[in-house]
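Subject: Structure for you to look at

Hello,

Here is the structure I promised to send over. Please open it alongside this note. My findings follow below.

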Amino acid sequence: MRILLTGGAGFIGSHLCDRLLADGHRVVVVDNLVTGQMSNLVHLAGRDDFLFLKSDVSNFIFVPGEVDAVLHFASPASPNPRSPFGYPALPIPTLKVGALGTHHTLGVAHSRGARYLLASTSEIYGDPQVHPQDETYVGHVDPIGPRSVYDEAKRFAEAITMAYHRFHGVDTRIARIFNTYGPRMRADDGRAVPNFITQALAGQALTVYGTGAQTRSFCYIDDLIDGLVRLLAAEGPGVHEPVNLGNPNEMTVLALAERINALTGNRSPIRYEAAESDDPQQRQPDIARARALLGWSPSTDLDAGLRRTVDSFRPRA
Ligand code: NAD
Ligand code: UDP
């Protein structure tokens, strides 16, 4: 296939790009580098099965040649207001790429008869009142809260994706991605894993927001990519419904911080900072649908994934 991948210079997008090329596909990345990094793609320069176009998908998309699949991964993804690369610092671009960017990418898929996959998120569940979260849970999102620029944009993105499927017959897929980590995350986008690893490698105190009792479930990037590729290829009943992709291994943020200190040998104490407002207090994917539909479940345990991520961050410390 010839695949249009938006957000391909980012963390997930660049790993997906590598996997799609390794599987024999041709890939066109469109990215405006608002949070992405060319260093994630530099190893692909000069390949004739790879094309990079620097462009903002919220404005327009023009891709010459055939397109067999469109994968929409462009969006700021970090909720941290302390970082210039988090979506609180990019509120309008985040709303636009989730709304206009999704509309434009669906338009490409519709006009070319291409399959479509949306990168959605566990954030559409908001601060969940159902635990663990399965795909039938409709969520608990504050439409004007600090995270709403991301959450509501992704909820709109899911709505317009289903509308293009139901009304135009576009062959769509929706992946609800839970916290994923690994090499190529920006060291400075403020998400917990890169923040903690960067701090630990510098021998600094890890910054835990609030008590650290809030929970997340962390999935290693290779496992996520495998689930995404399976979802893209899946056929038959149920493939157009949203599918949770994540690792059900739930833990507190404090436990994550302590694990990273242990793996790096960092002896600095934890530094507790003010809690983020609107911070979801618990999050764990129910992946029964992904197991049944895709035969998928994650296989990388936390220590193995963290070790690989720590090693990839070492040269930067
Ligand atoms: P990232 O910031 O590393 O990558 C996002 C990429 O999108 C960047 O390269 C950025 O430059 C690009 N981009 C943003 N706006 C754009 C625009 N208007 N036009 C063109 N390119 C644009 O983030 P990530 O973690 O790789 O996330 C990728 C996707 O996966 C996002 O859609 C995000 O919402 C989703 N997601 C990620 C996670 C996670 O844990 N990493 C969880 C849930 C969902
Ligand atoms: N977090 C933290 N310290 C940091 C960065 C994040 O305690 O330096 C917390 C954050 O408040 C949240 C959790 O870690 O409770 C996960 O944050 P992240 O930004 O990685 O992802 P998300 O909130 O989108 O799940």
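Is Phe-178 buried or exposed? Phe-178 is buried, because its relative accessibility is 2% and the cut-off for buried is under 20%. Please keep in mind that this is a predicted model.

**Aromatic pairs**

The whole structure holds four aromatic pairs. In one of them, the ring centres of Tyr-125 and Phe-178 are 6.1 Å apart and the planes meet at 40°, so this pair is tilted. The two residues come from distant parts of the chain, 53 residues apart. Tyr-125 sits in the loop between β5 (115-121) and α3 (148-168). Phe-178 sits in the loop between β6 (172-177) and β7 (180-181). Tyr-125 is buried too, at 1% relative accessibility. Together with Tyr-137, Tyr-125 and Phe-178 make up one aromatic cluster.

Tyr-181 and Tyr-220 form another pair, and this one is edge-to-face. Their centres are 5.6 Å apart, with 65° between the planes. Tyr-181 belongs to strand β7 and Tyr-220 to strand β10 (residues 219-220), so the pair ties together parts 39 residues apart in sequence. Tyr-181 is buried at 1% relative accessibility. Tyr-220 is buried as well, with a relative accessible area of 3%.

**His-15**

His-15 is part of helix α1 (residues 11-22). Its relative accessible area is 13%, so His-15 counts as buried. What does His-15 contact beyond its neighbours within four places in sequence? The contacts are Pro-183, Arg-184, Ile-221 and Ile-225. With Pro-183 there is also a polar approach: the backbone oxygen of Pro-183 is 2.8 Å from a polar side-chain atom of His-15. The C-alpha atoms of His-15 and Asp-222 are 8.0 Å apart, although 207 residues separate them along the chain.

**Ligand 2**

How many residues surround ligand 2? There are 18, and the closest are Thr-207, Tyr-209, Arg-216, Asp-279 and Arg-283. By type, the shell has six nonpolar, five polar and seven charged residues. Helix α4 (192-201) and strand β8 (207-209) each give at least two residues to this shell.

- Arg-216, at 2.6 Å
- Arg-283, at 2.7 Å
- Gln-214, at 3.0 Å

Taken alone, ligand 2 exposes 520 Å², and the protein buries 95% of that.

Best wishes

Technical notes
Residues are numbered from 1 along each chain as its sequence is written. Chains are lettered from A and ligands numbered from 1 in the order in which they are written. This is a predicted model: local features need pLDDT of at least 70, side-chain atom pairs count only at pLDDT 80 or more; totals for chains, interfaces and linings use all residues. Side-chain values use heavy atoms; hydrogens and water are left out. A residue is near a molecule or strand if one of its heavy atoms lies within 4 Å of it. A polar contact is a pair of N or O atoms within 3.5 Å; within protein, one must be able to donate a hydrogen and the other to accept it, and residues adjacent in sequence count only if both atoms are side-chain atoms. Accessible areas come from the Shrake-Rupley method with a 1.4 Å probe; for residues, only the protein chains shown count as cover. Helices (H or I, at least four residues) and strands (E, at least two) are DSSP runs, numbered from the N terminus. Ala, Val, Leu, Ile, Met, Phe, Trp, Tyr, Cys and Pro count as nonpolar, Asp, Glu, Lys and Arg as charged, and the others, Gly among them, as polar. Buried means under 20% relative accessible area, exposed over 50%, partly exposed in between (1.4 Å probe, protein chains only). Contact means heavy atoms within 4.5 Å. Rings of Phe, Tyr and Trp (its six-membered ring) pair if their centres lie within 6.5 Å; planes under 30 degrees apart count as stacked, over 60 as edge-to-face and the rest as tilted.
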